Amino acid sequence: MNWLNRFLLANWSHILDALLLLIALLCGMQMGESRVQKAWDAEMQKISLAQAKQEQHVADVRQTQSQITQEISNEYAKRSKLLADRQPDAHVGGVCNITTAGDRDLSAVSETPAGAASIPADALSLTAGDAGAVSCAQLSKDAAQTTLMLLEVQRWYQKQSAIEP
């Protein structure tokens, strides 16, 4: 062991310098790793926060859209009921008042004109849904219902498009 003691005493400054250099290197690596880890954690937290905000925004938009849809649906149901409760009188003037046409001085039109061809035997029969079988009152109800639907869809679209995406 004598030679080891002599070697250490002779080179103690070099050994001490090497140890100090090794300690400085390890401390520098530790500090660098700590800085990188902190920056990484901060970036991940920033991304998570942005993602959470985006998810909350999507949930808010969906909630608003659902509320708009429910509001329009309720309003439509209320107006539709009011429309159904209203009993239009088909014989009090307007388009369906057929009796006013007979009061004018118009020439009578025969049931089947002389030049018209007769209906072939294989012609399709009229169904209950054809215009010939629908009453004027039903046409009026259908037109009012369709108009109401269109107005409510337009209101729904305007409210939905006003929401920020």
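Predicted model: local features only at pLDDT ≥ 70, side-chain atom pairs only at ≥ 80, totals over all residues.
Mentor: Before we talk about packing, one definition: a contact means heavy atoms within 4.5 Å.

Trainee: Fine. How many helices and strands are in the protein?

Mentor: The protein has 4 helices and 0 strands. Read from the N terminus, the order of elements is α-α-α-α.

Trainee: What percentage of the residues is buried?

Mentor: Of the 165 residues in the protein, 7% are buried. The cut-off for buried is under 20% relative accessible area.

Trainee: And the contacts with a separation of 6 or more: what share comes from residues 24 or more positions apart?

Mentor: That share is 84%.

Trainee: Let's look at H4. How many residues does H4 have, and how far does it reach?

Mentor: H4 has 26 residues, and its first and last C-alpha atoms are 37 Å apart. That is close to the 38 Å expected at 1.5 Å a residue.

Trainee: Which residues are buried in H4?

Mentor: Leu148, Glu152 and Gln160.

Trainee: What do the buried residues of H4 pack against?

Mentor: They pack against H2.

Trainee: Take Ser80, then. Which residues does Ser80 touch?

Mentor: Leaving out residues up to four places away in sequence, Ser80 touches Gln145 and Leu148. Ser80 sits in helix H2.

Trainee: Is Ser80 buried or exposed?

Mentor: Ser80 counts as buried, because its relative accessibility is 16% and the limit for buried is 20%.

Trainee: Now Ser66. Where is Ser66?

Mentor: Ser66 is in helix H2 as well. At 43% relative accessibility, Ser66 counts as partly exposed.

Trainee: How far apart are Ser66 and Gln160, in sequence and in space?

Mentor: They are 94 residues apart in sequence, and their C-alpha atoms are 9.6 Å apart in space.

Trainee: Switching to charges. How many salt bridges does a search of the whole structure find?

Mentor: The search finds 7 salt bridges. One of them joins the side chains of Glu71 and Lys159, at 2.3 Å from N to O.

Trainee: Which parts does that pair tie together?

Mentor: Glu71 lies in helix H2 and Lys159 in helix H4, which covers residues 136-161, so the bridge ties together parts 88 residues apart in sequence.

Trainee: How accessible are they? Start with Glu71.

Mentor: Glu71 is partly exposed at 38% relative accessibility. Lys159 is partly exposed too, at 30%.

Trainee: Next, Lys78. Which residue does Lys78 form a salt bridge with?

Mentor: Its partner is Glu75, with the closest N and O atoms 3.7 Å apart. The cut-off for a salt bridge is 4 Å, so the pair counts as one.

Trainee: Where do Lys78 and Glu75 lie?

Mentor: Both are in helix H2, 3 residues apart, about one turn of the helix. An α-helix has 3.6 residues a turn, so residues three or four places apart point the same way.

Trainee: And how accessible is Lys78?

Mentor: Lys78 has 49% relative accessibility, which counts as partly exposed.

Trainee: Back to H4. What are the closest N and O atoms of Arg155 and Glu152 apart?

Mentor: They are 3.0 Å apart, and the two residues form a salt bridge. Arg155 and Glu152 are 3 residues apart in helix H4, about one helical turn.

Trainee: Is Glu152 buried or exposed?

Mentor: Glu152 is buried, at 3% relative accessibility. Arg155 is partly exposed, at 23%.

Trainee: Which residues are linked in a network of salt bridges?

Mentor: The network links Glu71, Glu75, Lys78, Arg79, Glu152, Arg155 and Lys159.

Trainee: Which residues make the nonpolar surface patch?

Mentor: Trp3, Leu4, Phe7, Leu8, Ile15, Leu19, Leu22, Leu25, Leu26 and Met29 make a patch of about 970 Å². The elements giving two or more residues to the patch are helix H1 (2-10) and helix H2 (12-85).

Trainee: Which gives the most?

Mentor: H2 does, with 6 residues.

Trainee: And where is Leu4 found?

Mentor: Leu4 is in helix H1. Leu4 is partly exposed, with a relative accessible area of 30%.

Note on methods:
Residues numbered from 1 in each chain as written. Heavy atoms only, no water. Patch = residues over 30% accessible without salt bridge, like charges linked within 9 Å, V, L, I, M, F, W, Y side chains within 5 Å. Areas by Shrake-Rupley, 256 points an atom, 1.4 Å probe, with all protein chains shown as cover. Buried < 20%, exposed > 50% of the residue type's maximum accessible area, 1.4 Å probe, protein only. Expected span 1.5 Å × (residues − 1).
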